[in-house]
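Hi,

Here's the structure I promised to pass on. Have a look at it first, and then read my notes below.

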Amino acid sequence: MPEGTLCNRQPIQTDEALKTLLSDTGGRQYYQEMQSLPVDTPLLWETIQKTCRSRIRTWLSMCARCGMCADSCFLYRINDRDPKQVPAYKIQSTLGEILRRKGRVDNAFMQMAMETAWAKCTCCNRCGLYCPHGIDMGVMFGYLRGLLYQQGFVPWELKIGAGMHRVYHAQMDVTDADFTETFAWMVEENEEDYPGLAVPVDKVGADIMYTVNAREVKHYPEDLAEAAILFHLAGENWTVPSRGWEQTSLAMFAGDWEACKIQVESVYDAMERLKPKRMVGTECGHAHRATVVEGPYWAGRKDGLPPVESIHYVEWLAEALRTGKLKINPEKRIKEPVTLQDSCNYVRNHGLKEITREIMSYIVEPGYFIDMSPNREHNYCCGGGGGFNGIGLYRKQRNKALITKRDQILSTGAKLVIAPCHNCWDAIRDLEEEYRIGIRWSFLKPLILKMVEIPEHLKPEE
Amino acid sequence: MFKKILFATSATEACDHAARVAFDMARRYHAHIDVFHVLGVPTRGYSQVVVDLTTGDEVTLDDNYRDLVKEEIRSYYDHQIQTTDDFAITVTIGHPHREILRIARAEKPDIIVMGGSTGASGSYAHKKAATGSTFQRVAKAAHFPVLVINRPAASFWGGFSNVVFATDFSDAADHAFAFAFKLVKELNCEFHLFHALDITCFQTDNFHTQDTIDDQIRNAIAQIRFRYVSKMGDFKPYAMEVWEGIPFVEIVKYAREKQADLIIMAYNTRQTDDPEASIGSVAEQVILRANCPVISINRSVGKE
């Protein structure tokens with residue numbers, strides 16, 4: 001049976017193909033075609049032989065089926081402790097089975113694997129923390145997604161998302177010109193309140209090169225303005241690249257390895273071109289994972305590091321507050337019960353758990369910060385990670401997945417949730433939409449702007 | 001004066017009064033009118049799904065849906081559209097204030113016309129996240145005058161002939177004056193320059209006697225002469241007054257007494273998410289209560 005016109009093994013390469021796929025409202029035709037999409041089993045097995053290295057093979061074979069991972073998985077807990085939601089079962093019944101069958105699986109199997117990979121795992125990697133052997137199912141699901149993507153079994157929105165990176169080098173249809181123009185617009189809107197505010201584009205040798213999430217450009221340019229203002233107030237020598245400014249990677253969620261490489265190399269090219277001392281990325285979890293943690297390996301960098309030191313926004317902010325580059329007016333600190341969401345991608349997976357709490361110590365009046373339980377590297381996924389937030393096909397499962405975070409927040413009694421991650425911010429917004437528990441949620445930048453002291457020489461003339 | 005009007009509308013009843021004024025202005029001043037509608041706000045993370053602001057439904061945006069909404073808007077304003085031959089309808093997605101500011105920056109209208117609070121269903125969380133009303137956010141950042149009609153503009157019979165300029169002597173008020181004076185000259189209007197002396201703080205301060213208040217009124221009159229009248233050359237049809245009281249109440253009362261068909265004033269609120277901003281801003285209170293259109297001008301208006 002032939003591949004479909006929309007659902008097939010070909011990645012999106014052109015704007016025209018992107019628009020055609022987008023015009024298939026909700027992916028109706030796409031998913032219909034998926035019902036008869038053939039599995040190229042020789043290709044699947046060949047790919048596994050080339051890419052499935054000893055780590056994954058060892059993990060799969062050494063798993064003792066002890067079940068210690070079960071309770072670590074919030075999807076298992078929230079789905080009535082269904083044995084089919086035990087992480088070890090989920091990976092053994094998909095990737096493990098594909099290996100055991102030497103790639104000889106059929107369409108129904110691949111559709112089951114697709115649902116497992118995108119609706120039963122958010123790649124939060126919490127199970128890896130609890131497995132006595134250190135087996136990380138999240139990493140293996142990331143790998144499985146790559147195999148599924150190659151065969152065309154990928155949710156519609158993520159096929160589009162990966163295509164966006166291939167066509168626009170951004171997760172949305174935002175061009176390089178849109179990016180610099182939007183920053184210029186934000187300067188126009190704010191320069192009266194902040195005299196001297198500027199966004200230097202392509203400045204060579206700056207101390208900081210700032211990278212963003214395309215959604216900020218498309219829908220929330222206030223975020224760009226806030227970033228610019230805070231760098232300005234901190235007296236930073238900073239710049240943005242006119243190309244290679246997108247830090248996120250829906251390609252990573254999609255399992256489109258080639259697009260992952262294309263995307264991260266565009267950021268690394270900007271680093272090589274502009275030679276900044278450091279790169280600072282926006283308040284996004286997966287963007288950090290893609291560009292700072294996993295990206296170097298996609299780009300084949302032997303040292304496993306980006307071309308220049310690359311840090312998360314929370315690291316820059318903590319440093320700016322610690323060193324006094326930014327000063328908080330103590331009168332304006334948060335004086336209401338407030339809690340903090342730990343983004344899996346840079347807390348559990350990159351060790352920044354104390355950095356965000358250091359920020360809390362500067363911006364929250366003592367006694368008002370209440371940690372979730374569990375917290376830090378043991379905190380649960382927001383419920384929408386790994387691409388789950390954006391997939392219409394699995395919306396019902398995603399909404400159920402939000403219950404864990406909802407109950408954690410309710411237990412704190414806090415009405416304000418600080419979520420320095422786009423995915424977490426979205427999920428917490430959605431859980432308020434779905435369950436109406438009466439909370440507010442915020443990134444750090446707008447909160448800091450309300451309480452930061454403006455140095456005398458940067459104040460507007462009255 | 002008004003060659004290009006950007007009418008930002010929810011295409012619901014909330015904007016009907018604004019539509020009457022916007023289309024009347026377009027017809028009377030032979031202006032091009034852009035009917036602009038934000039149909040939905042983004043949701044579901046990075047996906048293409050939006051929440052329709054009118055129906056509250058989640059929809060996947062495609063060209064068909066966009067055309068359908070355009071057609072609905074055309075039908076909704078069919079009666080008014082027939083009175084003008086120079087119009088365009090644009091629909092988009094995004095956060096309403098941001099998209100209004102975006103198109104204004106691109107199209108550079110002479111004026112943005114908006115309705116009052118829409119009460120649109122939209123998404124619960126979206127509304128909760130959006131601190132400040134769409135008007136607040138547009139008025140704060142727009143580089144163009146913003147005309148808002150919240151209540152039935154009972155004293156607006158068509159065109160502008162009787163204009164109240166209410167000043168708080170701020171920088172933004174200077175911009176508002178420049179715009180107001182240009183308008184009254186070009187459209188041959190009567191011009192009422194007005195200042196409301198805020199005496200609300202006097203309740204707790206016994207040292208301010210009526211003599212003090214009278215002194216301040218005289219000072220304000222002198223300021224009006226110095227700051228504005230001195231720049232009006234031989235323009236004659238003007239009057240000026242200073243009343244003491246609660247500023248927004250006095251401005252609304254004065255406009256009613258003068259049967260004004262337009263109030264022009266400065267918009268000085270900087271923080272849209274300050275809980276006190278919505279009651280603290282005189283302009284917003286005037287907009288809520290006036291029975292004529294109100295043009296608000298921030299200090300960026302007129303800046304190149």
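Leaving aside its neighbours within four places in sequence, which residues is Leu95(A) in contact with? Keep in mind that this is a predicted model. The residues to look for are Ile56(A), Leu60(A), Met140(A), Tyr143(A), Leu144(A) and Leu147(A).

Leu95(A) also belongs to the largest nonpolar core, which has 205 residues. Along with Tyr210(A), Trp316(A), Leu326(A), Ile363(A), Ile112(B) and Ile263(B), Leu95(A) touches the most other members of that core. There's a second, separate core too, made up of 69 residues, and Met25(B), Ile33(B), Val35(B) and Phe165(B) are among them.

Now for the place where the two chains meet. Here 33 residues of chain B are in contact with 47 residues of chain A. About 3300 Å² of area is buried between the chains, and carbon and sulfur atoms give 48% of it.

There are four salt bridges between chain B and chain A.

On the side of chain B that touches chain A, at least two residues each come from β4 (58-60), α4 (96-107), α5 (124-129) and α6 (134-141) of chain B. The largest share, six residues, is supplied by α4(B). Sorted by class, this side of chain B has 13 charged, 12 polar and eight nonpolar residues.

Happy browsing!

Methods:
Residues numbered from 1 in each chain as written. Chains lettered and ligands numbered in written order. Predicted model: local features only at pLDDT ≥ 70, side-chain atom pairs only at ≥ 80, totals over all residues. Heavy atoms only, no water. Core = buried A, V, L, I, M, F, W, Y, C linked by side-chain atoms within 4.5 Å. Buried < 20%, exposed > 50% of the residue type's maximum accessible area, 1.4 Å probe, protein only. Contact = heavy atoms within 4.5 Å. Buried area = accessible area lost by both parts, 1.4 Å probe. Salt bridge = Lys/Arg side-chain N within 4 Å of Asp/Glu carboxyl O. Helix = DSSP H or I, 4+ residues; strand = E, 2+ residues; numbered from the N terminus. Nonpolar A, V, L, I, M, F, W, Y, C, P; charged D, E, K, R; others polar.
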